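Please open the model in your viewer and follow the selections below in order.

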Amino acid sequence: GTVYYPFLITASPITNKIYIADHTGPSGRILVFNPDGSVASTTFGSGIANFHSMTALHASPTGTIYFSLGGSNALSALNEDGTFATTTFGQGLFAYDPSDFYISSTTGEFYITDTNNTRIVVLNPDGSASTTYKNEIPGSFASPRGITHDALKNIYVSDINLSDIQK
């Protein structure tokens, strides 16, 4: 239950469990904590290659935990019961790794920053490509990194090379 290098964190909207990407050792892991702070019985990724290089970790509105591993070029998923979901999203769409993403609570779409391709990719809930935004947005992107949205459905993107936040 000890956390050594907590790097990413998300919470399940279904169970309120907290998931922490702990970049420790050669493989890394995802630790799971109950809402009261006690350790849940599940630890994901111990001994699995590249768990130390997660770039994003988020819970969907349905409780599935999605993450991006270094070198995977896709999003992977864990079910609430700790089993790996069989679906990998976006395989082959990204130059290196999805940098960050969020999942729309209304449509289930994935909004993903693809830093190395300087774009935002939108995937349908089934993982198929929906839309790509590259230079269509005012100011375009140099290195989009973080992405989120507000209650009014505005999308915000941080760009590390432009030192800017775009709406």
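Begin by selecting Arg29, which is buried, with a relative accessible area of 14%, where buried means under 20% relative accessible area, exposed over 50% and partly exposed in between (1.4 Å probe, protein chains only). This is a predicted model, in which local features need pLDDT of at least 70 and side-chain atom pairs count only at pLDDT 80 or more, while totals for chains, interfaces and linings use all residues. Residues are numbered from 1 along each chain as its sequence is written, and side-chain values use heavy atoms, with hydrogens and water left out.

Now select Tyr19, Ile30, Met54, Leu57 and Phe67, which touch the most other members among the 14 residues of the largest nonpolar core, a core being a set of buried Ala, Val, Leu, Ile, Met, Phe, Trp, Tyr and Cys residues joined through side-chain atoms within 4.5 Å. Strand 2 (18-22), strand 3 (29-33), strand 4 (39-44), strand 5 (54-59) and strand 6 (65-69) each give two or more residues to this core, strands being DSSP runs (E, at least two residues) numbered from the N terminus. Finish with Phe101, Ile103, Val121 and Leu123, which are included in a second, separate core of 10 residues.

Technical notes
Helix = DSSP H or I, 4+ residues; strand = E, 2+ residues; numbered from the N terminus.
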